[in-house]
Every structure is written in structure tokens, then in C-alpha cells.
Amino acid sequence: MIYEIAQNAQKAIENDCDAYEIYIDESKSIELDSRKEELNFAKEEIECGVGIRVIKDNKVGFAFTSNMDKIVETAKQAIENTKLNKVDDNYTFAEVEKVPTVKDVYDKKFNDLSLDESIEFLKSTIDTALDSGCEVTGSGFSASEGRSLITNSNGVSIEDEGTGFGIGLSVTMQKDGKIATAYNSQSSRFFDLDGETLANEVCDLAKSSLNTKPIETNDYSVVLDYYAATGLLQTFISAFNGENVMRGRSILKDKMGSEIANSKLSIIDNPLLEKGMLTAKCDGEGSVSQKTELIKDGVLNSFIYDIYTANKIGVETTSNGLRGSYLTTPMISPTNLEFKFSEMKDLGEIDKGVLTTSVLGAHTANPISGDFSVEASNAFKIENGELTDPINKAMISGNIFEIMKKVEGLKSEVKQYGQFIIPKLIVHDLRVVGQN
């Protein structure tokens with residue numbers, strides 16, 4: 001069906017523009033959401049849409065539709081929309097290259113997964129949490145299958161497909177007048193989620209967060225659990241965006257070839273990663289996927305680009321022009337970010353420190369300077385290599401670019417949360433401000 005849609009769109013525009021790009025997105029999804037332990041939202045949806053970009057007289061135009069009977073009108077609208085834009089010869093479309101293979105991104109189990117089975121899976125997770133003595137404040141489950149086709153006037157024609165599954169759970173624990181909350185989630189390309197383990201881990205975290213003790217304001221070795229790390233790393237990674245670099249909004253703009261991180265750390269943007277949540281044959285504009293080493297042994301090695309920004313700067317695209325759906329044009333974004341440490345530290349090596357499971361307020365970090373001040377959530381003291389008392393509210397402040405110069409990896413499971421594939425991280429001499 002998607003090839004027939006592409007052909008109809010092509011016939012409608014090929015003689016009236018200088019170049020074209022057709023992006024077709026077809027998806028099936030199941031979404032569940034609960035308030036407390038009761039299911040309050042369930043949706044099963046099938047969606048198909050087309051986004052058409054054209055270039056005419058060095059002007060770009062875009063239009064989209066989810067009505068397959070209006071392909072011709074949408075194509076004409078894309079051409080008409082070129083009149084709204086200025087001449088810009090940096091807009092070009094992807095060229096034909098050898099398409100790589102990707103592994104383990106599709107689970108056939110999706111085809112047999114029903115709404116009832118999904119509800120039962122979420123309910124079982126909720127029941128496990130309730131059996132552990134927790135009050136469930138919210139939970140959610142999602143399963144999706146997506147297929148896309150991108151074709152253009154340069155001969156590019158790439159079809160891609162994948163599945164994704166996710167579950168999240170938030171709980172509250174009350175005991176002797178004390179209250180603690182906790183949250184965690186799992187995501188995978190495969191329906192191998194373990195709701196029981198998730199529920200037990202979240203409830204254990206809430207239980208262990210009761211009876212908090214104050215912590216003295218000081219500089220500590222801080223262990224950033226997965227959520228805490230990803231919250232702060234968003235600001236760091238935005239500095240690698242080629243558009244931010246071009247516009248002078250990145251502190252790294254003149255640092256190419258300089259050491260900007262711990263020499264034991266390399267960071268790779270890898271859209272070809274086996275089982276990666278953002279793995280694909282190509283990006284959202286048909287540039288075939290490629291690995292990009294952003295940092296090699298602590299040294300800044302590359303930024304990330306889409307075709308347009310690469311053309312403006314005079315470099316090659318890094319296949320990072322991603323789309324959220326057919327509704328949008330490509331935007332620069334990382335894929336699977338692998339944080340690889342050549343050496344990892346043990347928790348037992350920390351005499352005096354703090355572990356924080358997540359942080360509140362990471363979005364308020366200064367995107368250019370990297371300065372941040374966040375609240376530690378579900379935090380614990382580390383004494384002589386052991387986790388001890390849970391901590392009252394505490395603020396952690398610092399600068400993400402300074403942190404990365406001395407960040408270390410903790411010996412722990414490497415997990416993918418969003419775009420980040422990381423172990424738990426250790427940052428030494430980070431300011432922790434205790435609050436009673």
C-alpha cells in the first residue's frame with residue numbers, strides 16, 4: 001500500500017518541481033494509562049500519513065495529510081508553499097547510497113498482541129506493586145509497530161520497520177506518617193518487559209526512601225543513577241547539535257580536537273545499534289544510517305548534522321535528520337548514544353558520597369553555559385562504599401561541561417533510557433546543599 005501511495009504522490013509532483021521527497025509513515029499502536037490502580041485510558045490506533053517536501057526555484061515547500069484520497073491536493077499544496085519561503089540553495093535531498101542492514105528491531109509478537117492481553121499485563125504489574133504494600137499513583141503501557149518509506153527524486157527508496165514496547169510505574173509508600181514516592185520504567189524493541197521486576201524495584205526504592213536524614217552541605221562524590229544522568233546529559237548533548245554550533249549557541253563551537261571529557265570516555269551516536277530504540281536503516285530524510293564518534297577518548301571528534309545544516313557549513317550529513325512523524329520535517333537529533341568507558345569504578349571505592357536516583361529541574365539548566373541547580377530525588381548517603389540513609393531534600397549544583405571532564409562510569413548494568421545507553425555515572429567534588 002505504501003508504495004502505491006508513493007507512486008501517486010510522485011505522479012502529482014514530479015513535473016512541477018525541481019526535486020521532491022515523499023515520506024510515508026504507517027503505524028499501529030496500543031496505549032494504556034492508569035490513575036492509581038484503575039485503568040482510565042485505553043486506545044488502539046492505526047494511522048497512516050504522508051509528508052511531502054519539494055524544491056522549486058531553490059525554495060522549499062512542505063505539506064502533509066492523513067487522508068489518502070487527498071495525495072494530489074497535498075502534493076500541489078507543497079509546491080504552492082514554496083512561494084512562502086526565501087531562496088536557499090542549501091536545501092537538497094539525500095543521494096542513493098548502500099543501505100545498511102539493522103538487527104533485532106522487530107518483534108513478531110506484536111502481531112498477536114491484543115488490547116485485552118495488554119490490559120492484563122499492566123494489571124499484573126499494578127497488582128505486584130499493591131502486593132508489596134505500595135500505593136500505585138499511576139502507570140502506563142505502550143506497544144507500537146511502525147513502517148516507513150522514504151523516496152525522492154534522486155532515486156532514494158528505503159523502507160524501514162520496527163516495534164517498540166514500554167511500561168512505567170509510579171508509587172507512593174506511607175509508614176508511620178512518613179511518605180515516599182518512586183518511579184521507574186522499561187522500554188524495549190521486544191515484548192520482553194518484566195512488569196513484576198519493575199514493580200518490585202519501584203516499591204523497594206520507595207520503601208528505602210522513608211525515614212530520611214539530613215545531609216551536611218559539602219562537596220561529594222555523586223553517583224547519578226540512570227534517570228538522574230539522562231536528565232543532566234540532555235543539556236550536554238544539545239551542544240553537539242550542528243545548528244546550535246552554527247548559530248553560536250554551543251559552548252563547544254570552537255573546541256573541535258580539544259579534550260572536553262574524561263579521557264576514559266568515548267561517546268558514539270549509533271543508529272545501527274542492535275536492539276537500539278532509535279535504530280533505523282536511514283534517518284528521516286533518507287540519508288543512510290552511520291555511526292558518528294562524538295567524543296573519542298575524551299576529545300571532541302564530531303558534531304551531528306542533517307543535510308541542510310551540513311550544506312551550510314560545508315560538511316557531510318551525519319544522518320541525524322530525524323522526524324517525529326509524517327507531520328514534521330526533519331530536525332537534527334541524536335539516535336542511540338553509547339557512553340563507553342575504558343575503565344569503570346566500583347561503589348566500594350567511594351568513602352563519602354551521595355547517590356541520586358533522579359533529579360528535578362534538569363530542564364532549567366542553562367543550555368549554553370551548562371550551569372544547573374537541581375533537586376535530588378530518592379537520594380541516599382554513600383558511606384565506606386555502602387548505601388546508607390535516605391536523604392532529606394537536597395540540591396545539587398554544578399556545570400555539566402565541567403562535570404564531563406571528570407565523569408566516571410560505575411560498574412553497573414548498561415541500560416538504554418531514551419537516547420542514552422549508559423551505566424550509572426560518578427562525578428567527584430559536586431556541590432550538594434543539604435536541606436532540613
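**The antiparallel sheet**

In which order do the six strands of the open antiparallel sheet stand? The order is β3-β2-β1-β4-β5-β6. This is a predicted model, in which local features need pLDDT of at least 70 and side-chain atom pairs count only at pLDDT 80 or more, while totals for chains, interfaces and linings use all residues. Residues are numbered from 1 along each chain as its sequence is written, and side-chain values use heavy atoms, with hydrogens and water left out. Helices (H or I, at least four residues) and strands (E, at least two) are DSSP runs numbered from the N terminus, and two strands pair if DSSP finds at least two bridges between them.

β3 (59-65) and β6 (178-188) are the edges of this sheet; each has a single partner strand, so one side of each is left without a neighbour in the sheet. From one strand to the next the twist averages 15°. Strand β5 (residues 157-175) runs antiparallel to β6, and 11 bridges join them. K175 has K178 in β6 as its bridge partner.

Helix α1 (residues 2-13) touches β1 (19-35), β2 (38-56), β4 (135-152) and β5, and its direction makes about 140° with that of β1. Helix α3 (residues 115-131) touches β1, β2, β4 and β5, with a direction at about 145° to that of β4. Contact means heavy atoms within 4.5 Å; axes are lines fitted to C-alpha atoms, for helices over the stretch in contact, and angles run from 0 to 180 degrees between N-to-C directions.

**Helix α3**

The 17 residues of α3 reach 24 Å from first C-alpha to last, close to the 24 Å expected at 1.5 Å a residue (1.5 Å times one less than the number of residues). Its buried residues are S118, F121, L122, T125, I126, T128 and A129. Seen down the helix axis, these fall within an arc of 155°, so they line one face of α3; the arc is that of the directions from the axis to the C-beta atoms. Buried means under 20% relative accessible area, exposed over 50%, and partly exposed in between, with a 1.4 Å probe and protein chains only.

β1, β2, β4, β5 and α4 (195-208) are among the elements that cover the buried residues of α3. On the other side of the helix, D116 and D131 are exposed. Just after α3, G133 takes a positive phi of about 90°.

**The mixed sheet**

Another open sheet has six strands with mixed pairing, in the order β10-β9-β8-β13-β21-β20. Its edge strands, β10 (299-300) and β20 (415-417), each pair on one side only. Five bridges link β8 (residues 265-269) to β13 (residues 337-341) in the antiparallel sense, and I267 stands opposite F339 in β13. Helix α5 (residues 226-238) packs on the sheet and touches β8, β9 (292-296), β13, β20 and β21 (420-422). The direction of α5 makes about 125° with that of β21.

**Nonpolar cores**

A nonpolar core is a set of buried Ala, Val, Leu, Ile, Met, Phe, Trp, Tyr and Cys residues joined through side-chain atoms within 4.5 Å. The largest has 53 residues, of which L233, F236, F240, F339 and M404 touch the most other members. α5 gives the most to this core, with seven residues. Beyond its neighbours within four places in sequence, F339 is in contact with residues including L233, I267, M404 and F420. A second, separate core has 34 residues, among them A129, F141, A180 and L410.
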